[in-house]
Amino acid sequence: MAQKKFVVGCFDEEKVLFPAVKQVRTAGYKIKDVYTPFAVHGLDHALGMRETSLHTAGFIYGITGTATAVSTISWIFTKDWPLNIGGKPHFALPAWVPIIFELTVLFAAVGMVMTFCWLCQLAPGVKKHHFHKRATDDLFVMVIECTDKTNTDDLLAFLKSNGAIETDVQVAEEEWWFGTYDKDDDLYNTKQVAL
Amino acid sequence: MHIKYESQLREPLVYGEKNFHQVTEDILRPIEVKPSRLWYIGFFIAVTLLLFGVYSLYREVTYGIGQWNLNKTIGWGWDITNFVWWVGIGHAGTLISAVLLLFRQGWRTGVNRAAEAMTIFAVMCAGQFPIFHMGRVWLAFFILPYPNSRGPLWVNFNSPLLWDVFAISTYFTVSLLFWYSGLLPDLATVRDRAFTKLRQKLYGIAAFGWTGSTKHWQRHESLSLVLAGLSTPLVLSVHTIVSFDFATSVIPGWHTTIFPPYFVAGAIFSGFAMVQSLLIVVRKVFGLTDYITIGHIDLMNKVIVLTGSIVGIAYLTELFMGWYSQNKYEGYTFWYSRAYLFSPYGWSYWGMMTCNVLSPQIFWSRKMRRNVFVTFFMSIIVNIGMWFERFVIIVTSLYRDYLPSSWSIYYSPSIWEVGFYLGTFGLFFTCFFLFAKYFPVIAVAEIKYVLKRSGESFKPAFEKLEAEPLDKFVHDNAHAH
C-alpha cells in the first residue's frame, strides 16, 4: 500500500477546466486523473490518453460466441446425436441462425462488461480514495501527482491562477482496497455545498 | 469536432434554472426522503397481488395444468397471451436506451433509466409464463443444452421454442448489464451524498468503487455505445423470435411471413404505452416535471401513433391475404373467427381494432399529444388493445382447427389463470416501487451532460451563436484531436 502526495484542484466549469489542463500539462506537471461527475467529451484527449480498445475486446468476445454456437450445435446434430427430422439435412445452418446470433450478443456483452470492470478495477466492496466528495456531484477534480521536486505552494498558486475554486494537498493511497465506506469517511454535510 | 449547442428550434430537455448540483438534488430527493403514504399503499397493493399470484402458482404446481381452463385445442390460453404481452412491454426500455442512443436522440436521457428498469421487470414477468406452462416446473432445466445422463439427449436447436429460451435469457442478461453499468456513476453520487452509515455502506457496495476518473468515463462511453450497438439488433431479434413461435407453425392465422415486423412494431407500441403510464405518474409524484417534460411525452406519443399505424397496416394486410390466398382455412380464420363481429371471439378482434388502430389516431393532434390526461388514458387503452391482439392471435386460431369434430367449447380462464396474471402485475409493481424508492429514476450523469447543451436556462446563450457565420462558429467551437 503505497501512499503518495497529491495536489488537488477543483473546477466548476468545463470551459475553465480545459485551458487549465493544458496549462498544467505544459508546465510539466503529471496529472494523475481528473474526476468528473459526467463524461466530459474531449477531456481524455486533452489529458493525452489513448483511445480505449474495449470495443476490440467486445468484437473478440462476439466471434468467440459465434464460434461456440456453431461448433456446439453442429457437433451435437451431426456427430453426437444426429436426428432424422423429415429427411432434412443434419447440418441445418439457417435454423441455427437465431441461436448463433443470440450467443454472439451474449458473449460480447458479458465479456465486455467483465473486461470493463477488470480494467477499471470495479467490483462490489472495492474502495478507492476520494479526493473530493463533490466529484460525483458538480465539481471537476484535477489531481496532480507530486514528486520530490514539486513545490506544492507554487503548484497550489498556479492552480488558483488557472481558475481552481478549491485547492488542497492530500496524502493518499493511489490504488484500491477492499472495504466499505462505513468507518473513516465523513458523512455528507449539506453546508459543504452551499452555493 | 464537437458542436456544443443545440438549435433554438428544439425544445429544451431540462426546464428551469438549474446547475449541476441542483440536478443532483432534484433527482435524488425522492430516494433520500421517507416515502409518502401513497408509496406504502401502492406497495401494499402490489405485494398483495404478488402473493395471490404465488398462491395461484402453488395450485398450478401442486395439482397440474388442469387448474387452468385450457382444453383440447386451446393449449395456449391466457398464459402464452400474457407471456407475449409482457415481452412486448419489455421492448421499450432497450429501444429507448439503445436505438435512440445510436440515433443520437438527446431526449432519451430523461426517460431511459426508468424505461430500462421497466424492461427488466417486464421480462422477469414474461419468463414466468412459459416456465410454469411446462407443468412440471421442477424439470425446467431440461430446456438447457447440457451433457446429461439421458443419452445425452439434447434439446432441439431447430425449434423456435428453444430459440425463445436463448433470446429471452440473452435479452434479460444484456438489458440487466446495460442498466446496471449505466447506474454505477449515479449510485456513486448517492453514496457520496449518504447521510447515514448504512446508506454509505450499501450504496458503496452497489457503486463498485466508482470514482468518476476520466479513463473510466472513456471506457464507460465505449461500453455504452457498443452495448447499444449490440442491443439494437437484439431487441429486434427477441420479438422476431417470439413471432417465430407462431409463424413457423402450420396453424391458419399464425403461418404468415409478416409476423416478425408486425410483432416488433406491436412490441414497441405497447412498450411505449407502458413507459407513458409509469412515467406520467412518476414525474408528478416525484416532482420531476422539469426533467420528464411535456416534450418527452409528445415525442413518445409520436412513436405510439407511428407504431400503432404500422400494426394497423399489418392487420389489414392479414385480412387481405386471407381473401387473396383463396385458402379456405385462412379465410375462415380471418374473416369468420376474427373479423366477423358475431363469431364467438369477434368481440376480442374488434376490441383490438378499436384500442390499437382507431383510438391512437387522436395523437395526430399536437394538442392531444401534449395532454397528460389523454396520454395516460390512451396508454392504458393501448395496453388493453395489445393484450387483445395476443389473445386474438392465440385463441381464435386454436379454438377451431381443421377437423370440426375436434372444435372446442368456449374458452374462458379459471381464477388461477387470472391469478397468475395478476401475480405478475404484483411482481412488476413490487419491483418498480422498490426501484423508485432506492435507485435514481433518471440518469443523473446523463442529464448533467445534456444540461448545458439543451437546458432551458442555457439556451438563450445559443441565440448569439446561431447568428454568427458558420466559419467563425466552427473555428471557436471545434477542437482538433
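Helix α3 of chain A and helix α8 of chain B meet through A:L54, A:H55 and A:G58 on the one side and B:R219, B:S222, B:L223 and B:V226 on the other. By class, the residues of this contact divide into 3 nonpolar, 3 polar and 1 charged. The model is predicted, and its scores are ipTM 0.90 and pTM 0.91.

**How the two helices cross**

- Two packed helices are described by the angle between their axes and by the distance between those axes.
- The crossing in which α3(A) passes α8(B) is right-handed.

**The side of chain B that touches chain A**

- Between the two chains, 57 residues of chain B are in contact with 63 residues of chain A.
- At least two residues of this side of chain B come from each of α1 (20-32), α6 (160-192), α7 (197-206), α8 and α16 (444-454).
- The helix that gives the most to the side of chain B touching chain A is α8(B), with 16 residues.
- Sorted by class, the side of chain B that touches chain A holds 24 nonpolar, 24 polar and 9 charged residues.

**Confidence in chain B**

- The average pLDDT of chain B is 88, and 95% of the residues score at least 70.
- Where pLDDT is low, the predicted coordinates should not be read in detail.

Terms used. Residues are numbered from 1 along each chain as its sequence is written. Chains are lettered from A and ligands numbered from 1 in the order in which they are written. This is a predicted model: local features need pLDDT of at least 70, side-chain atom pairs count only at pLDDT 80 or more; totals for chains, interfaces and linings use all residues. A crossing is left-handed if the near helix is turned anticlockwise from the far one by less than a right angle, and right-handed if clockwise. Helices (H or I, at least four residues) and strands (E, at least two) are DSSP runs, numbered from the N terminus. Two residues are in contact if their C-beta atoms, placed from the backbone, lie within 7 Å. Ala, Val, Leu, Ile, Met, Phe, Trp, Tyr, Cys and Pro count as nonpolar, Asp, Glu, Lys and Arg as charged, and the others, Gly among them, as polar. pLDDT is the predictor's confidence in each residue, from 0 to 100.
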